[in-house]
Each structure stands twice: as structure tokens, then as C-alpha cells.
Amino acid sequence: MRATIFEAPGTISVVERAVPPPGPGEVRLRVAAASLCASDVRVYRGEKYAKPGVVPGHEIAGVVDGVGEGVTGIDEGARVVICPIVACGQCRFCIVGRQNRCIARKTLGYDLDGGFAEQLLVPAEIVRVGHVLPVPSGLPMDIAALTEPAACVLNSLDLCALGTGSSVAIVGAGPMGLLHLLLARAAGVGPIIVSEPVAARRAIAQRWGADLVLDPATDDVAGAVKAATGGYGADAVVLTVGVHALVAPAIELVRRQGVINMFAGFPPHQTVPFDPNVIHYGEINLTGSQNATTDQYRRTLAMFAHVPHIDEVITNRYGIERAPEAYSSRLAMDGLKSLVEFPGVGGA
Ligand SMILES: [Zn+2]
Ligand SMILES: [Zn+2]
């Protein structure tokens, strides 16, 4: 089969690789679609670790084409998505359903081979913890490949404790900022305020239902957020851009006792100065979020049918032989989500 390989920062290639039949407890997939994550781009840039020689891709939808001995409840031909987290199932985090914080966690696409390949051998540990999830009938496989990023957004919205009529300020309208907008909109959150310097992305945010769209280059973002929230500030602020200089300004957007979520990952070895008294006197909850729980994956799959514009998040599609272009298009900020796809697999 053909597979994309991360060789070293800056080097992605497409090679021929053998895929063995599934061993005990394992499941083999024919990949239908796998989307590229901002964190894959961070690996490419050398800002985040991945094992040299690994097949990248952790946002995966596919069709089961082999089932190992002892696997029950997963049949050949089933359309599935993968939660890429290998969790121990036994640590304090796993036993409360927070496999994404497992102390022994490994992840497909970084430590173990992921989905930018024709086929994928799903490790027994992933199968055992229920991280092979069925795709609802009628849901196209390209949308199903967005389950991982959308589940990450659901985790973010859950941590922000946003309900119907809660206000949120989303910093950045890249793919993940816009996914926050779509899921928050579908959940009845509002007003939704988006801050984004790129005009084309502001236009998308406007078209997809943001109540207020701001240009940080020309607008007084903190003043506008306060004005749109009765003078209080937003109930929650989500930072979807990993730029250190945006952290302190983001803290100014939240109301007292509100939540600020560092959704984005940041380049390493830099710190951020901010006034801790703002957190102290405001009783502000400063948190981060990364990946999602198994239940959030399940809820995401159930929710997709009720999220307008979700199909428009995918703007760039490549066959496996053009997988390196998925990286270059994201580096050039050309479009939103890039997909490596195998048309026809799973009825996509
Ligand atoms: Zn991702
Ligand atoms: Zn664990």
C-alpha cells in the first residue's frame, strides 16, 4: 500500500509499505479519508514531536477490512472513525473517562502509524478501549473524518461550560476557530464574537452566523466584546491560535468568573507575561483543552447531521500521492481543512 511518512521536520514523503493482516485484538482499516491537523503542521515545522518514520494522520475515517482474533462487536465492512488515543484504561484519568489525559497515553499519527495511508492497522489497545466508533448511516466519510477535530471543539465548549445563551469570544477564525463557531451556534450559544485578522476568514465567520466579527488590526476588540455583552465581557474566551502575544489580550475579553481556554498548542520554549491579579480579583478560570473523551467522540458523531456548513470546512482534497501538498496548502493558509481521501471507500 502507499503511505505518507514523516521523515524529519520539513520532510514528508509517499512510500510503498506492507500491511500485515490484523493480529489478535487488532482491526485493519481501508482508509476513506484523513484530515490534516494544525498539530501535524507543528510536527512538520519541528515544534512538536513525532517519531521519525511514522505515518501521520490522526483524524481518520475508514472501512473495516480485517478483524483480528478475539475482536467482538466490530464487523468487516463497518464504516468507522478512530479516536487516535491509546490509553492504559487503568490510571486515575482513564477510570473517570478522561482517556485523553491518560498518563501513559500514546497517539496514532505521532507515536504509532496513523491514517495518511491506504490502510491502517488499529492497535489492540485502541480497539479494547472502544476507540473504534461506528459512523451513523447517511453521514459521508469525509465529514466523519472531522470527528476528531470536532470532538476536540466539543471538549473545549464543555470545559467552557457554555450553554444556550452563553456568550463566547473566539480568537482566530482558522479551521478550529470556525469549528468552534459552528458547534457553538448549533448548541444555541450566543452572542458569538469572532476576532480574526484575515478578511476572507472574517467573511466566512460572518456567513456562518457569528453575531459580531472583529478585525484585531483595526477594531478595539476588548471594547467591542464588552459592548456586546452588557459591559461584562464574554462568559468564555477560546484562544484557537497558538501565538504567545495573544494570551494577555485574550484575558481582557472574559467576564469575572468566566473561563479562558487555551485551545491551541503553542510553539515550545516561550513564556507569557500577564498580571496574575487579573485572574485573582476576577476569579477567572484559566484552562486548556486537548483532544476529547470517548463520549465526546460519540456525541460529535451524533451531532454532525445538525451542524450547518460543516461540509464547507473541507476545502482542499488530495489523493495519497499528493499528501505532501496537504501540508503546503495549510502552511500557505490556503483554504480551511485539507483532506487526504480515497474516493469510493465507505461510500464517501
Ligand atoms: Zn487533530
Ligand atoms: Zn490511563
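Reader: What is the orientation of helix 5 and helix 6 to each other?

Author: Helix 5 and helix 6 are roughly perpendicular to each other, a term for angles of 65 to 115 degrees, whereas under 35 counts as roughly parallel, over 145 as roughly antiparallel and the rest as oblique. Their packing angle is about 65°, and their axes are 9 Å apart. Helices (H or I, at least four residues) and strands (E, at least two) are DSSP runs, numbered from the N terminus. This is a predicted model, in which local features need pLDDT of at least 70 and side-chain atom pairs count only at pLDDT 80 or more, while totals for chains, interfaces and linings use all residues. Residues are numbered from 1 along each chain as its sequence is written, and chains are lettered from A and ligands numbered from 1 in the order in which they are written.

Reader: Why quote both an angle and a distance?

Author: Two packed helices are described by the angle between their axes and the distance between the axes. The axes are lines fitted to C-alpha atoms, for helices over the stretch in contact, and angles run from 0 to 180 degrees between N-to-C directions.

Reader: Which residues of helix 5 and helix 6 make the contact?

Author: Helix 5 contributes Pro149, Ala150, Val153, Leu154, Ser156 and Leu157, and helix 6 contributes Met176, Leu179, His180, Leu183 and Ala184. Two residues are in contact if their C-beta atoms, placed from the backbone, lie within 7 Å. By class, this contact has nine nonpolar, two polar and no charged residues; Ala, Val, Leu, Ile, Met, Phe, Trp, Tyr, Cys and Pro count as nonpolar, Asp, Glu, Lys and Arg as charged, and the others, Gly among them, as polar.

Reader: At what angle do helix 5 and helix 11 cross?

Author: The axes of helix 5 (residues 147-159) and helix 11 (residues 294-303) cross at roughly 110° and come within 9 Å. Helix 5 is therefore roughly perpendicular to helix 11. On the helix 5 side the contact is made by Thr147, Ala150, Ala151, Leu154 and Asn155, and on the helix 11 side by Gln296, Tyr297, Arg299, Thr300 and Leu301. The classes here are five nonpolar, four polar and one charged.

Reader: Changing topic, what are the domains of the protein?

Author: The domain assignment gives domain 1 (2-150 + 292-347) and domain 2 (153-288); such bounds come from an automatic or database domain assignment. The C-alpha centres of domain 1 and domain 2 lie 27 Å apart.

Reader: How many residues are in contact between domain 1 and domain 2?

Author: 20 residues of domain 1 are in contact with 14 residues of domain 2. On the domain 1 side, helix 1 (38-45), helix 5 and helix 11 each give two or more residues, and helix 11 gives the most, with four.

Reader: Is isoleucine 143 buried or exposed?

Author: Isoleucine 143 counts as buried because it has 21 C-beta neighbours inside 10 Å. A residue is buried if 20 or more other C-beta atoms lie within 10 Å of its own, exposed if 12 or fewer, and partly exposed in between; C-beta atoms are placed from the backbone. Isoleucine 143 is found in helix 4 (residues 141-144). Leaving out residues up to four places away in sequence, isoleucine 143 touches Phe304, Ile310 and Asp311.

Reader: Where does threonine 315 lie?

Author: Threonine 315 lies in strand 16 (residues 314-318). With 14 other C-beta atoms within 10 Å, threonine 315 is partly exposed. Threonine 315 and leucine 339 are 24 residues apart in sequence and 8.1 Å apart in space, C-alpha to C-alpha.
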